[in-house]
Every structure is written in structure tokens, then in C-alpha cells.
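Me: I would like to learn how to read some features of a protein model. Could you take me through them step by step?

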Amino acid sequence: MEYDVIVVGGGHAGCEAAHASANMGCKTALLTFDPSALARMSCNPAIGGVAKGQLVREIDALGGVMARVADRAGIHFKMLNASKGPAVRSPRAQSDRDAYSRIMVEILREVPHLDLLSGEGSSLLIEQGRLCGVSDRQGNHLRGKTVILTPGTFLGGVMHFGLQQVAGGRIGESPSQVLADCLAALGFNLGRLKTGTPARLDASTIDFASLDRQLGDEPPAPFSYHPEAPVQNKICCYITRTNASTHEAILGGLDRSPLYSGVIKGVGPRYCPSIEDKIHKFPDKTSHQIFIEPEGVDCNVVYPNGISTSLPEDVQEAFIRTIPGLERARIVKPGYAVEYFFSNPQDLYPWLESKRLEGLYMAGQLNGTSGYEEAAAQGLIAGINAALKVRGESPFILRRDEAYIGVLADDLVTKGCEEPYRLFTASAEHRLLLRQDNADFRLMESGYRLGMIPREWKDEVEGWKRDAALLKEELRSRVITPSDSTRDLFAELGLGEISHPTPLEQVLRRAPMKAEWLDRFGVDLSRWHARVLEQVEIETKYQGYIERQIKIIEEDRKSERRAIPPDFDYDAASGMRNEAREKFKRVQPATIGQAARIPGVFPADITVLWVNVLKHQRDPEAA
């Protein structure tokens, strides 16, 4: 069979990639071990979190599927950092593990042009130096114009249960070893990373009455800008902590830890370490927080978030039973670590196509990332760009100032990674502009142009933008004058004092003031949608900061417009430091702006590079 796009792997990256390319009209095949278990949540059944929630909103604004699935499968919704500024607020939801996968399967089965195929993509088919498809373990050939690889932790995966090792990327599932050998033979730069998961516990053996309850937000906020139904909180989460006895039990088992006995060679995630790593590296910390999170509404299994481990099962049982509320807890599945291969993402273009093999795209943990959301965002970009290549159109690239997805892609292809990459709000230098509340304002036009978003959704957002401009103008023109009644109103609302005529825009800028109170000052709120009021309030309060960021972005874009020719010869460039030369040759930056973001490159190196690029453009042969 012949396809426009072949996606290998049915995790979060693969599902988004296949959904995107098929929705853009390309005949697409999603090849995975088990098509009935798409987007299986191998670790915590939760979507979103700090910066990750922003990714999910952006995926939705571009027409991706993760937000819709998370809303339908969600059982506990929370806005993280709700008491802080809008730049760092992030939605998160606990999901019903089984429902999430089932809903993803239901949605993808209804997508036109998409075939869900059972099998293991084991080798790339290359004829006369060109990629032309994949073959499965049985030797069947699937021919395709483009291929997207999303093998997750299965690429050469090895699971560690104490000092016992089992080949696989997940309990009960085999690794993709032949594909790993294929990539190595083709010269891809493969390294080893490690991740882990905690033991799953029997909910009936937990003393929930002794734990701190964590309720969801009311009303809960959906991820999707167009949810299919109102979201609901259906369960409660809980918090407990480790203690000195827990730490003693863990330290007593380190001699049987694959992490500390040298068995595990891969680098683990710095920001999500195993519990033994926490205890060993931070001996002065007397306790660590654990979130007890149910894995479903009708499921008797809970996920103890915060105690990922690869210690032997008897050590796991010993230390878990020292934790308050878990004294009689029974382990349903032991925790374990997974080592797997990843490919250096510096071998990719910003649109996630391989520099080594045209038509090959890579997404997810194969590129060194951690997290469902980072994987899904990459899958979406890879799927979109594979479809655009089939159409003969230019790649779709999001800049760092346009989206967290742009920050993610640029960090990967420019900086590479030596440990599992995790996105944070601090990763985005323009995070005040890239908020979770305005992803549709920023990206829905692009989703519509790509054919992923219906026109009525795009028109709705454009209408809100026009209304926001009108409301801002009204607030600038409406002046509040001092009087006994206005002073009383200011005192009632906690707005301080008013001593001279003040535009209502300035009043809204005061910290306690809310847009929903504008009707107290004569504004007809019935004219404006809640989304309009939300955007106007945020943009008014942070106007000065926003304007400064826009000026910085305008300067940065000058560097991004300075393209570096694909055939530029770094070895022929004069006056360049050898270290900078090697870094430029390794990354092959597309612009001067990207070159400046390569770690270890100095401003002087960029000046020398730009002088040589100009010389090359004037006279390529002389350069």
C-alpha cells in the first residue's frame, strides 16, 4: 500500500501527527503495536501542568486533538499558579487512564484518510538514497512519501526492576530494537536517556481519611476552546509526605538500585527525579511531598506522584508503608525505570524534518523530550509539515515569540539535549505574551490557514479581537471624575483614592480592579463576551510590560530575517574561532538569530559569521 504520510508509533506524538496530516487531506497510516491502545498513559494519567498546559491550549488552537480528549477524559481540573500573574498560570487535569486511550481511538477512527494499522515499524525503506517508506517486523513494505517516527521509550527500551532487566518500553510490551539498529546504521547520533514511574497502589488499602484533600476548581476550566460538553470534577486528589523512616528504608536499599550500582547508564530527568535520587542528593531535606492521584472514576488504582523508583519491589513496599496513609498500602504494579535511545535533535530542521534523510520527521521522546504534552506538540508540528511537504508547500515554523511550541522546537534543534528536556514557563522569554488564556487569539488563524480549524471558529476569534479594541477605546475615552459617589465606590471596591479626573483605562490598571466591575462605572457588560473582558483586563494591567516585550521581539526579528544560505561553507569563513565553527557546522542554523542561541557561541562569533555571510552573498566563489 502507498501513503502520503506514514506515522510509526501510536503514543501522544504519533496520534497528533496522524490526526494532523490526515485532516490536511493526506492519505495517512498510523502503524503501532496495538491500534486499540493509542495514547496510552504510561506514567501519570494527567494532562497539562506548568508550561505544559500552555502547550495543550496551543495544540487545540492549531486544530490538534489532545485538549478535546483531555476534557472528555478529565476527572479533576486545576489551574496551577492561579494566585500569580497570568504569564505563569497553567491548566492541569487528572484523567481517567482507560477513558483517555479509548476516546483517542474513537476520534482517530473517525478521521478521513487515516488508516490505523497493527504492526511494528522496524526499518526505513531507502531506494537510491531516497526515503520511500517503512517495513514491519514481518517484512511487509508500506510505501510512503514521508515518514514520521514517534517510538517513545520503545526504541531499544530496557526496563529496570531493581537489578533485574527486562527488554521493553512498557510493562508487557516489546522494544523496537530493529528500528534502533536501522537508525544507528544510517548514522544517526543516538544516545541513552532514562525515565521512571512509581508503584501503583490499591486504593482500598489506603487510609484517605488521614490525608490532605485536594479539590478541583469550581467551576472547572476546560482545555479546549470549543469543548464538546462541560467538564466536571469527578474525584478528589490527596497529599501526603515522606519522613525520616521512609528515607532510611530507601537508603538501606541503594546497594540494589540500578541507578546507584551503575547498571543504568542513561541520563534521567533533572526536574522529575526518582525518590532515591531525591533522598541521596538532598540529604538535608527531611520530607518530600507526594500527590495521591486516582487513575480513574471506576478504577481501584492510584498513582503516588513523587516517588518514581527503580528499587526492588520489596524495598518499594518497605518504604511506601512508612508514609502516612499508606501504612497498609498494597502494590498493584511495582515502579520501574526505562532506558531508551534518543536521536540528537540538532540533526533536525526547525520543522522537525531530518537533515540526514529528506522526508523523515521525528517527534516525541525520540528527540529527547519528556512529557505527553511536549510529545504531542512535536507530533502536531511533524504531521503538519509532512503534509505540507507532500503538497509541495513551505514548512510551517512557529517562532519563539509566537508560541511555546516554537520555544520547544527551537530549543531542541538549536541547543540539543543531554538529558530529558522539560518545558517551563521560564523557557519562554516572552511568556507574558504566550499565555494559556490567549492561545486561540495567537494561533487560530494559522490553524485555519492550514485547514485544521473551521472558519466559524476563526471568525469568532477575529470578532473578539475587534471587540477588545473597541472596549479599550471606550475605556480610554470614558473619564471618571472625583465625587462623593465615586469616592465611596472606590472605597467599596478597595481601589484607593481618586483626586483628579481619571480615564477608566487607568482605573482598570489598578491591582484590585476587575473587568467584571466595569458595569459599576457605566460600562454595558452585556455587549462584551467574557473572553473579551478577560483579554482587555490582562492587556490593560500589563500594558507597559507587553509593549516592552513587543519592542524586544521587533529587534529579535531582524536577526531572524538574516538568513544563512544552506550551502554556506563554514570551513571557508575567515576570522572564526574553531569552537564556534564546529558548533555552527553541527547545528547548521537557518538564521543569524538561531546561530546566536547556540550554547557557547559569543556575540563576537555572530558578528564574524554575519560578515562572512554577507561576503558569501556578494560573491559566493570568492567567499
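Predicted model: local features only at pLDDT ≥ 70, side-chain atom pairs only at ≥ 80, totals over all residues.

Me: Is F33 buried, exposed or partly exposed, and why?

Reply: F33 counts as partly exposed because its relative accessibility is 33%. F154 counts as buried, because its value is 10%.

Me: How do I read aromatic pairs?

Reply: Rings of Phe, Tyr and Trp (its six-membered ring) pair if their centres lie within 6.5 Å; planes under 30 degrees apart are stacked, over 60 edge-to-face, and the rest tilted. Searching the whole structure gives ten aromatic pairs. One of them joins F33 and F154, tilted at 50° between the planes and 5.7 Å centre to centre. That pair links distant parts of the chain, 121 residues apart: F33 is in the loop between β2 (28–32) and β3 (46–48), and F154 is in the loop between β9 (141–149) and β10. Helices (H or I, at least four residues) and strands (E, at least two) are DSSP runs, numbered from the N terminus.

Me: Which ring does the charged end of R57 sit over?

Reply: First the criterion: NZ of Lys or CZ of Arg must be within 6 Å of the ring centre and within 35 degrees of the ring normal. The charged end of R57 sits over the ring of Y225, 5.7 Å from its centre. Likewise, the charged end of R356 sits over the ring of F188, at 6.0 Å from the centre.

Me: How should I read a sheet?

Reply: Strands of a sheet pair through backbone hydrogen bonds, either parallel or antiparallel. Two strands count as paired if DSSP finds at least two bridges between them. Here, four strands form an open, antiparallel sheet in the order β11-β10-β19-β12. Its edge strands, β11 (164–167) and β12 (190–197), each pair on one side only.

Me: How many bridges join β12 to β19?

Reply: There are eight bridges between β12 and β19, and G196 has A337 of β19 as its bridge partner. Strand β10 (residues 158–161) is joined to β11 by four bridges, with M159 partnered by V166. Three bridges pair β10 with β19, where V158 has E339 as its partner. As for burial, seven of the eight residues of β19 (residues 336–343) are buried.

Me: Which residues is T481 in contact with, leaving aside its neighbours within four places in sequence?

Reply: Contact means heavy atoms within 4.5 Å. With those neighbours left aside, T481 is in contact with T486, I498 and P501. T481 lies in the loop between β21 (479–480) and α13 (484–493). T481 is partly exposed because its relative accessible area is 44%. The C-alpha atoms of T481 and S499 are separated by 8.2 Å, with the two residues 18 apart along the chain.

Key. Residues numbered from 1 in each chain as written. Heavy atoms only, no water. Buried < 20%, exposed > 50% of the residue type's maximum accessible area, 1.4 Å probe, protein only.
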